[in-house]
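The sequence and structure come next.

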Amino acid sequence: MTDLKSAYDVVVIGGGHNGLACAASLAKAGKKVIVLEALHSPGGACATTEFFEQFSVSSCAQWLYQLDESVISQMSLKQNGFELSARNIPTTILSETGNHLTIFGDRLAGAGISEKDKMAFKSFNKQMMKFCDVLSKAFKRRPPSLIERSFGDVLALLGLGMKIKMLGKSDMRDLMRLGLINIYDVMEENFDNDLLKAAISVDSVLGSHMGPRSPNTVFGYLYRHMGDIFGYGRPGVSLVRGGMGQLGQSMAKAVKALGVDIELNAVVDRISIDVDKVTGVILRDGRELKAGIVVSSSDPKTTFEKFVGPVNLETDTVRRVKNVRMKGDAAKLHIALDGLPKFRGLAESRTGDRLLIAPNMEYIERAFNPSKYGQFSKSPIMDISIPSIHDSGLAPDGKHVLSAIVQYAPYDLEGGWEAGKQPFQDLLIDCLSQYYPDIKQQTLSVELLTPLDIEQRHLMHGGHWHHGEISLDQVLMMRPFPGVSQYRTPIDGLYLSGAGTHPGGGVMGLAGLNTAKEILSQKKKLKRPNFYDST
Amino acid sequence: MIPHNESMILHTPFHSRCEAACEVNLWEDWKGYTTPQVFTEIDMEYFAVRNSTGVFDLSPMTKYRISGSDSGAFINKLITRDIRKLAVGRVSYVLWCDGEGKVMDDGTIFRLSENDYRLCCYTRALDWLMWTAEGFDVTICEETAEVAALAVQGPTSCAVLKAMGFSGIELLKPFGMAYFNFSGSQLMVSRTGFTGDLGYEVWMEPNLGEIFWDALFDAGKLYGIRAIGSSALDMLRIEAGFLQAGVDFVPADEAIRSGRSRSPFELGLGWLVSFDKPVFNGRKALLKERAQGSRYAFVYLDVEGNKPAEHAFVYHADIEVGTITSAAWCPTAKTNIAFAQVDARYGSKGQSLIAEIYYERELKWTRVMASCKVIDGPVFAPARRRQTPAPNF
């Protein structure tokens, strides 16, 4: 156990990538920081778990595609054990007939894709990248505020406006038009090939409670592809050697080297408050840690409803917290396999790709429909990774692990997940077996994490990986809600970081960096308490 | 619950008696209830309260019952005053704010027992109360239709109630409450009111309404008792300096245009704000306003002449600095009084201003530029209002 007798300037709740990135920045600026992590290992959603003897998997986030390069350089992660096992991984979208389509950056191959679609995809990609580039500028700083704008915020807003204006008439018009509409219509405008349309739709809805026909799913696509502007290993998705947990470990090592203390298994019971000023944190074991600044990288609901408590918040804030939409609709499936999986019609060399099951947009929309009424999809969509192909350390020789993000699996399942989990798991295996006929014979063990499991295991309210839906009403100055959008909260000294804040979820690290910037920009001199209470 | 599913316009439990007494048949809609504006003649009704006893049916007033182990803590988060100072059996005048520190409503809170309160107010506020109750062990019940109430106000009000057999009522202190047996039931009497005079409010089950009314008017016959309508009450409350929600300020939740709602400081009600207590709605914004200054000031104006300065613009030299929200010629104080919201720079005592009053006489509009002066406080505050034991007139 860390010597908690020393005094800290800042207590960071949550040792996920954002909490750690924030701690690193603060430590570099000379602050004395402690990170409290409730779990037994650091990393939060960047976790590797052995789910079956000698079979390990990235148990929450599985791909790396948005991690800001500056996080890696600032924390010297490469010197601390962070390494990719594969990068620029192509996406192959599986067809029931075995005639699959592979996407290499902006190139397409297979599925009898037409020249017209190939050209259209190139120009679609080019335009999307332009839009991402504009938006990415807003990601690396605190969001402008709706009211009481500072001069810097006004400049940032003007800058964003200028950037949009400078896109030129036709692109600007398209951005204004596409930003709010649904990806389904945009796909119908642009492409003929069903697999291509579906692949882009999957990227637009992953991790959210939306189908391709839901409004502002185009924004979801841009959001996901922001990584192609600043993400390490871009373009496309990468795999971390040793699983995502290794990223967490290397970040933890890096912050320790900077003088930050990390206490694991430190479960926060509540944030202590003196009327409207934070005074520290009280752990479940009764210990109280005093600090003038507390950063919560936990999600907004856990932070405000559990750690602060509605009674300590003004009603406006209570209402806004309660109204944040953050019910997870994605599950995680892990399978230990006796050998290399063989997908029908898929070349062995492509098995290590990012594999998608979502044959067409109607399929995705129909998969989404039941979740609106509390039921899981009868024909779900999947985003599959077989990381052991690139990283032999994850499974014994000749054996493999399959990891898949599965949608849609509503958090509030009708009848509850206790009853629903096994039927859903059986259905998922059946669904996989249509593409991978030998799956049942090769399966050694299966683990399904429902949103409820993800909530309990990774301590995120609603099991929502983004700590709140990424939709236009909950991004930028509205993330997590107006009034708390610049990392500061109504409680002086309490900062909210993490995926629930701007720029949002995905293993990006920018929320953590931005929070640190915000704290360091506060002119008020930090006071370091010189004692520590044990109760 | 308010039974609007039964009727668009509701009757109070005293309706049959009001109807019989309402000679001029002039009614108005008060939050869904029909209530008399005038019974006979405004001035007669006004003078009943100042010289003998006036009776006003305040049953439509919104009432919430707040109970549970956290009821006190909940109320303290809701309102700006420190409820911890309110003893059981006492009543407090309170207001509450939204997150921007703007007044949502004012009202009175009755502490019925340790963890049991009644909140009486103007707006229907259940939604806000329920949101505010988040995290507290508290039960909130709307009881507007379940509690009937009559205000019995004026110099002889104590004598009338005593004549009804409420012995010891003269010992009830202002903002105190007491229970009395009546017709096999119990009713509650509080020494509260909206007239600035000696007076009481009587709270009872609706089914007692008619019997109580009859007994009250029987007992009051020799004491000059008279039913009064809202028009007379308006004169009385202006003379006494009481603000009316929806008239002198727009409840923050009902304000549509930005900047139209007012903070407690801007309404001259800063004395109802206590920062020396746990978090309450509006705290942050009010602290900021206290530090930075308010935009507006609420003032009492003594207006030259006898034309009520209703809805008049207020000028300083030739700059428009505010508006008048309530105005009346006050017969007892013999002063032409107006309440105004003015630019905070022009709100200090003794400030001379000009009210631009328009009035119509036989299709001809006339404008008067009346000089007025900011005065210290209400013009009517008789000793009998506070005396305990209450004087026996």
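## Helix H3 and helix H8 of chain A

H3(A) contributes A:Phe124, A:Asn125, A:Met128, A:Phe131, A:Cys132, A:Leu135 and A:Phe139 to a contact with H8(A), where the partners are A:Phe219, A:Tyr221, A:Leu222 and A:Tyr223. By class, the residues of this contact of H3(A) with H8(A) are ten nonpolar, one polar and no charged.

The axes of H3(A) and H8(A), the latter covering residues 217-224 of chain A, come within 9 Å and cross at roughly 75°. The two helices, H3(A) and H8(A), are therefore roughly perpendicular to each other, since angles of 65 to 115 degrees count as such.

## Helix H3 and helix H5 of chain A

H3(A) spans residues 115-139, and its axis comes within 11 Å of that of H5(A), residues 169-178, with a crossing angle of roughly 80°. That angle makes H3(A) roughly perpendicular to H5(A). On the H3(A) side the contact is made by A:Gln127, A:Met128, A:Lys130 and A:Phe131, and on the H5(A) side by A:Asp171, A:Asp174, A:Leu175 and A:Leu178. The residues of the contact of H3(A) with H5(A) are four nonpolar, one polar and three charged.

## A:Ile273 in strand E11

A:Ile273 belongs to strand E11 of chain A, which runs over residues 268-274. With neighbours within four places in sequence left aside, A:Ile273 is in contact with A:Val278, A:Thr279, A:Val308, A:Asn312 and A:Ile491.

A:Gly493 lies 220 residues from A:Ile273 along the chain, and the C-alpha atoms of A:Ile273 and A:Gly493 are separated by 9.7 Å.

## Domains of chain B

The domain assignment of chain B gives domain 1 as 15-61 + 145-240, domain 2 as 63-142 and domain 3 as 295-376. Taken over C-alpha atoms, the centres of domain 1 and domain 2 of chain B are separated by 25 Å.

Where domain 1 and domain 2 of chain B meet, 17 residues of domain 1 are in contact with 16 residues of domain 2. Between them, domain 1 and domain 2 of chain B bury about 1,500 Å², and 57% of this area is on carbon and sulfur atoms.

## Confidence

This is a predicted model, and it scores ipTM 0.90 and pTM 0.92. Chain B has an average pLDDT of 96, and 100% of the residues of chain B score at least 70.

How values were computed: Residues are numbered from 1 along each chain as its sequence is written. Chains are lettered from A and ligands numbered from 1 in the order in which they are written. This is a predicted model: local features need pLDDT of at least 70, side-chain atom pairs count only at pLDDT 80 or more; totals for chains, interfaces and linings use all residues. Side-chain values use heavy atoms; hydrogens and water are left out. pLDDT is the predictor's confidence in each residue, from 0 to 100. Axes are lines fitted to C-alpha atoms, for helices over the stretch in contact, and angles run from 0 to 180 degrees between N-to-C directions. Helices (H or I, at least four residues) and strands (E, at least two) are DSSP runs, numbered from the N terminus. Angles under 35 degrees count as roughly parallel, over 145 as roughly antiparallel, 65 to 115 as roughly perpendicular and the rest as oblique. Contact means heavy atoms within 4.5 Å. Ala, Val, Leu, Ile, Met, Phe, Trp, Tyr, Cys and Pro count as nonpolar, Asp, Glu, Lys and Arg as charged, and the others, Gly among them, as polar. Domain bounds come from an automatic or database domain assignment. Buried area is the accessible area (1.4 Å probe) that two parts lose on being put together, summed over both.
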